[in-house]
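Subject: Structure for you to look at

Hello,

Please find the structure below. My notes on it follow.

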Amino acid sequence: MRPVAAPLRITHQTAILDYLLERKVASRADLAKATGMSKPTAGKIIDDLMHAGVVEEFQIMNGGRLSVGRPGKQVRLATGRSRFVAIELGVEFTRMGALPPALPEQERWDVEFKTPDGDEAWQKQLAQHALQLEVKRPWAVLVSTPGVVDERAGRVLLSPNLHWSERVDLPRLLRQVWSAPVALVQEVRALALGEWGTRPGDGDFMLVDIADGVGGALMLGGRLYQGALPMSGEIGHTPVPGNSRACGCGGRGCLETLASERGLVQSFAESRGRGDSFAAVVASAEREPPAWMRATLDALAMSIAGGLNAYGVRRVVLVGRVTELPAPATDYLVGAIQRAAMWSRFDAVAVTLAPRRRVRGLLVAGIHRFVMPTDWSART
């Protein structure tokens, strides 16, 4: 077999990894057929990826038990040695984990600590806890971070709930802890990648996360939508008529001042003259959502439907605190989205509630950015 030129080799490796991300497992013959390669070429590419620790072979034994090693009949992303450091920079907590290339079935973090109010204290905590992670030389450090994030430049432009992250060079700070490439992934985009990694064949969708803020991300054609500006998905900063609440972004009347966890709690307290917990918000809607909540859910639904109408998408995935509301409230929101989405006049608009899959999304981002563009044959 003639040697495969480096650019073509990278193309072949990308095709195999894309297929494994979507199908999870496949035989060598299936990978060759699906990617249009000859069996010898596919075999050489798989051997390179195995030697580099990107994929592994395993054999299905009687009774469904798995036995790693050759001769193997199936190929999958490697499940053994940790290759990536994943970090969730959250408003309340920071979580860290060391992970192999294989996408996990469940969220898994090795370390959790309260997010400090400054970069120096945060870096110090990272350095202390890094010793607990089972990875010495990661392929990359993958960071989920809130706010307006320029992923290409590795900068947080605006973070209304975590302002200190705007003033520091996060990749540089992280490289002082781990000598490895760093990727910032806007947190809602990471969640969208995680949802795609769970059901990659379900088509285009819009994911909306309701938590400290309200954000959205679009998956179109199996890829995250990214415009020329790093502003996609900032639906939480859409002004709502009649709303005068100050927002952390510097504006007033933003949707997230109503629909975020804090906004919902504030509205509940104003309606009752008491109460300061999300549990009280949940209890208030057990039978039916009160008038103030319906108004908020209507505003949220109109913002979501605007995205569906603009991009021609018929599926919405809701994650975050909204999934903890009782059925009368979530049913109301689902109905409001479907009524406002124009496609409902012609066919069904699907709205589903799902758990957050942040770790899975960060790994998908890591594989796309740091594994697929690499000629692993030159590194083995």
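At what angle do helix 1 and helix 12 pack, and how far apart are their axes? The angle between helix 1 (residues 6-23) and helix 12 (residues 358-371) is about 175°, and their axes are 11 Å apart. Helix 1 and helix 12 are therefore roughly antiparallel to each other. Here axes are lines fitted to C-alpha atoms, for helices over the stretch in contact, and angles run from 0 to 180 degrees between N-to-C directions. Angles under 35 degrees count as roughly parallel, over 145 as roughly antiparallel, 65 to 115 as roughly perpendicular and the rest as oblique. Helix 1 makes the contact (heavy atoms within 4.5 Å) through L17, D18 and L21, and helix 12 through V364, I367, H368 and V371.

Before the rest, two points on the source. This is a predicted model, in which local features need pLDDT of at least 70 and side-chain atom pairs count only at pLDDT 80 or more, while totals for chains, interfaces and linings use all residues. Residues are numbered from 1 along each chain as its sequence is written, and side-chain values use heavy atoms, with hydrogens and water left out. Helices (H or I, at least four residues) and strands (E, at least two) are DSSP runs, numbered from the N terminus.

Next, E195. This residue belongs to helix 6 (residues 187-198). E195 counts as buried because its relative accessibility is 2%; buried means under 20% relative accessible area, exposed over 50%, and partly exposed in between (1.4 Å probe, protein chains only). The side chains of E195 and R357 are joined by a polar contact of 2.8 Å. Such a contact is a pair of N or O atoms within 3.5 Å; within protein, one must be able to donate a hydrogen and the other to accept it, and residues adjacent in sequence count only if both atoms are side-chain atoms. Leaving aside residues up to four places away in sequence, E195 also touches other residues, including F205, L207 and R315.

Then the aromatic residues. There are 4 aromatic pairs in the structure (rings of Phe, Tyr and Trp, its six-membered ring, with centres within 6.5 Å; planes under 30 degrees apart count as stacked, over 60 as edge-to-face and the rest as tilted). One of them is the tilted pair of W122 and W164, 5.7 Å centre to centre with 50° between the planes. W122 lies in helix 4 (residues 119-130) and W164 in the loop between strand 10 (155-158) and helix 5 (170-175), so this pair ties together parts that are 42 residues apart in sequence. Both W122 and W164 are buried.

Regards
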